[in-house]
Amino acid sequence: MTREEKQTLVDELSGKMQSHNSFYIVDASVMSVAKINDFRRLAFNRGLEYKVYKNTFIRKALDTLGHDTSEMDAALKGQSGVLFSTESGSAPAKMLRDFYKAQAYGRGVTPKPVLKGAYVDASIYIGSDQLEGLTTLKGKQELLGELIGLLQSPAKNVISALQSGGNKLAGILKTLSEKEAA
């Protein structure tokens with residue numbers, strides 16, 4: 001591979017990392033071809049992209065992100081594949097969890113592909129023990145929805161208090177007018 005081809009590959013990877021809000025680095029080195037194909041198919045069906053890169057290319061692409069990504073060096077050992085997501089930071093983690101369940105890994109068996117590291121909205125997560133936490137991350141749309149709900153909640157409470165207060169006042173006035181009439 002020529003130097004220009006390598007630079008083109010690094011530029012392509014760098015562009016993907018900058019355009020996707022999250023990506024996961026996984027190790028699928030000991031998986032059979034059939035299992036890797038199942039993994040790729042599941043990723044494709046969920047709108048994710050999986051591609052294998054050399055660690056040196058990943059490192060060079062990480063350097064272009066503009067953040068301190070030196071923590072990711074721990075994840076760049078052995079074989080590495082990158083799982084890209086545009087929708088949310090938790091989508092790849094949920095896909096990995098579902099893939100593990102479908103493969104029916106037993107206790108004490110390390111599920112493959114192994115999560116080595118994740119980059120989600122400029123936050124870095126290292127190690128497969130982070131998978132459960134990553135599945136609970138909320139996407140931007142979910143957070144915006146919750147924020148709008150929280151902002152609307154006090155206004156709804158004030159309106160309902162005013163309406164119920166007006167109903168109570170009307171009931172009291174009606175009762176007082178009925179007493180005077182009687």
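**Helix packing and sheet order in a predicted model**

Lys 35, Asp 38, Phe 39, Leu 42 and Ala 43 of helix α2 are in contact with Met 95, Leu 96, Phe 99 and Gln 103 of helix α4. Sorted by class, this contact of α2 with α4 is made up of six nonpolar, one polar and two charged residues.

**Helices α2 and α4**
- Helix α2, which spans residues 33-45, packs with helix α4, residues 91-103, at an angle of about 140°, and the two axes are 11 Å apart.
- Because angles over 145 degrees would be needed to count as roughly antiparallel, α2 is classed as oblique to α4.
- The crossing of α2 and α4 has a right-handed sense.

**Helices α1 and α3**
- Helix α1 (residues 3-19) packs with α3 at an angle of about 55°, their axes being 8 Å apart, and α1 is therefore oblique to α3.
- The crossing of α1 and α3 is right-handed.
- On the α1 side the contact involves Lys 6, Leu 9, Val 10, Leu 13, Ser 14 and Met 17, which meet Phe 57, Ile 58, Lys 60, Ala 61 and Leu 62 of α3.
- By class, the contact of α1 with α3 holds eight nonpolar, one polar and two charged residues.

**The sheet**
- Five strands form an open sheet in the order β2-β3-β1-β4-β5, and their pairing is antiparallel.
- The edges are taken by β2 (49-53) and β5 (123-126), each of which has a single partner strand, so one side of each is left without a neighbour in the sheet.
- With direction ignored, neighbouring strands of this sheet are turned against each other by 20° on average.
- Strand β1, residues 22-27, pairs with strand β4, residues 114-120, in the antiparallel sense over six bridges, and Ser 22 has Val 120 in β4 as its bridge partner.

**Helices on the sheet**
- Helix α2 lies across β2 and β3 (80-85), and runs at about 135° to β2.
- Helix α3 (residues 55-63) also packs on the sheet, where it touches β1, β2 and β3, and its direction makes about 40° with that of β3.

**Aromatic rings**
- The count of aromatic pairs, with ring centres within 6.5 Å, comes to four.
- The rings of Phe 23 and Tyr 119 are a stacked pair, because their centres are 5.0 Å apart and their planes are at 15°.
- Phe 23 lies in strand β1 and Tyr 119 in strand β4, so this pair ties together parts that are 96 residues apart in sequence.

Definitions and conventions. Residues are numbered from 1 along each chain as its sequence is written. This is a predicted model: local features need pLDDT of at least 70, side-chain atom pairs count only at pLDDT 80 or more; totals for chains, interfaces and linings use all residues. Side-chain values use heavy atoms; hydrogens and water are left out. Axes are lines fitted to C-alpha atoms, for helices over the stretch in contact, and angles run from 0 to 180 degrees between N-to-C directions. Helices (H or I, at least four residues) and strands (E, at least two) are DSSP runs, numbered from the N terminus. Angles under 35 degrees count as roughly parallel, over 145 as roughly antiparallel, 65 to 115 as roughly perpendicular and the rest as oblique. A crossing is left-handed if the near helix is turned anticlockwise from the far one by less than a right angle, and right-handed if clockwise. Contact means heavy atoms within 4.5 Å. Ala, Val, Leu, Ile, Met, Phe, Trp, Tyr, Cys and Pro count as nonpolar, Asp, Glu, Lys and Arg as charged, and the others, Gly among them, as polar. Two strands pair if DSSP finds at least two bridges between them. Rings of Phe, Tyr and Trp (its six-membered ring) pair if their centres lie within 6.5 Å; planes under 30 degrees apart count as stacked, over 60 as edge-to-face and the rest as tilted.
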